[in-house]
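Let's take a walk through this protein together, one region after another. Have the sequence and the 3D view open as you read.

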Amino acid sequence: MKIIMLGAPGAGKGTQAKQIADKYSIPHISTGDIFRANLKAGTELGKKAKEYMDQGLLVPDELTCDLVMDRISQDDCKNGFVLDGFPRTIPQAEALDAALTKIGQKMDYAVDVDVPDENIINRMSGRRACLNCGATYHIVSIPTKVEGVCDRCGSPVVLRDDDQPETVKKRLEVYHAQTQPLIDYYKKQNILKSVDGTQPMEEVFRAIVEILGA
Ligand code: AP5
């Protein structure tokens, strides 16, 4: 099963994508996580991506597309994958379609996790992320067992640089201008499914499983 998670920054794409990956035993591919891992490792890609991420802007398509195409061609993606944060622009979606068409495949679902902007800023200011293993928490809805320490790997959890309120506002603007058009793009392909992302996480997941099938 090949799934795209759509939605504004902070809509809960990552939270849901991780659970989908576990349930259906397919890899979770998050471009944001890939950029952050590169940044942590001090690679050129990480340094370049940071310039854009810190301003709330998208990393250029030419740095992003090859990376994803390479990842989905790996062996563990043979039975499908869940894309989280990609595609984010029409050219990225077209590049993905073209790469899949070449091998006689296509995406099965684009799941839009719908959350209004006013809920987003709150969520982002409470999010805490582990920069080591990528786990995410929320100071109110999913707190860590020990304050400031990742339950999974024991590393510190922090407010991401791009979760500062001014940067979140910019990310939302960029989302509406560049990513939201993908909703129509996938509607036209008849693979768009929408879920109400303002519900509790378990309810959102239940709605997604209903769409994907048990
Ligand atoms: P990325 O890491 O992909 O960020 P994003 O899309 O902005 O999404 P987030 O990770 O911020 O949010 P999410 O929707 O996954 O929400 P989460 O589950 O964490 O990208 C970062 C940057 O990298 C981009 O800005 C860009 O610069 C660059 N980039 C990445 N991909 C790119 C691409 N393809 N092209 C170009 N540039 C790219 O949830 C958020 C919070 O809410 C958490 O605290 C969570 O616990 C909580 N929460 C989740 N669900 C619920 C719920 N139902 N109720 C209450 N709280 C909830």
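Start at the end of helix 2, where G42 follows with a positive phi, near 70°. Keep in mind as you look around that this is a predicted model.

Now step back into helix 2 itself, residues 31-41. Which of its residues are buried? They are T31, G32, F35 and N38. If you look down the axis of helix 2, these buried residues fall within an arc of 130°, so they line one face of the helix. Over on the other side of helix 2, you'll find K40 and A41, and these are exposed. So what does the buried side of helix 2 pack against? Its buried residues meet strand 2 (28-30), helix 3 (44-53), helix 4 (61-72) and strand 3 (81-84).

From here, let's move on to the nonpolar core. The largest one has 46 residues, and the members that touch the most others are M5, I20, I72, L83, L96 and Y186. Helix 9 (residues 201-212) gives this core its largest share, five residues.

What does Y186 touch, once you leave aside its neighbours within four places in sequence? The list runs I4, L6, P87, A93, L96, A110, I191 and L192. One of these contacts, L96, is also among the core residues that touch the most other members.

Searching the whole structure turns up one aromatic pair. It is made by Y185 and Y186: the ring centres are 5.0 Å apart and the planes stand at 80°, so the pair is edge-to-face.

Take the pairings one at a time. Strand 5 (residues 127-130) is joined to strand 6 by three bridges, and the two run antiparallel. Here R128 has Y137 of strand 6 as its bridge partner. Strand 5 and strand 6 form a hairpin with five residues between the strands, and in that hairpin G134 takes a positive phi near 85°. Strand 5 also pairs with strand 7, again in the antiparallel sense, over two bridges. In this pairing A129 stands opposite V158 of strand 7.

Finish the tour at H138, which belongs to strand 6. Is H138 buried or exposed? With a relative accessible area of 16%, H138 is buried. Setting aside neighbours within four places in sequence, H138 is in contact with N122, R123, G126, R127 and P143.

How values were computed: Residues are numbered from 1 along each chain as its sequence is written. This is a predicted model: local features need pLDDT of at least 70, side-chain atom pairs count only at pLDDT 80 or more; totals for chains, interfaces and linings use all residues. Side-chain values use heavy atoms; hydrogens and water are left out. Rings of Phe, Tyr and Trp (its six-membered ring) pair if their centres lie within 6.5 Å; planes under 30 degrees apart count as stacked, over 60 as edge-to-face and the rest as tilted. A nonpolar core is a set of buried Ala, Val, Leu, Ile, Met, Phe, Trp, Tyr and Cys residues joined through side-chain atoms within 4.5 Å. Buried means under 20% relative accessible area, exposed over 50%, partly exposed in between (1.4 Å probe, protein chains only). Helices (H or I, at least four residues) and strands (E, at least two) are DSSP runs, numbered from the N terminus. Contact means heavy atoms within 4.5 Å. Two strands pair if DSSP finds at least two bridges between them. The arc is that of the directions from the helix axis to the C-beta atoms.
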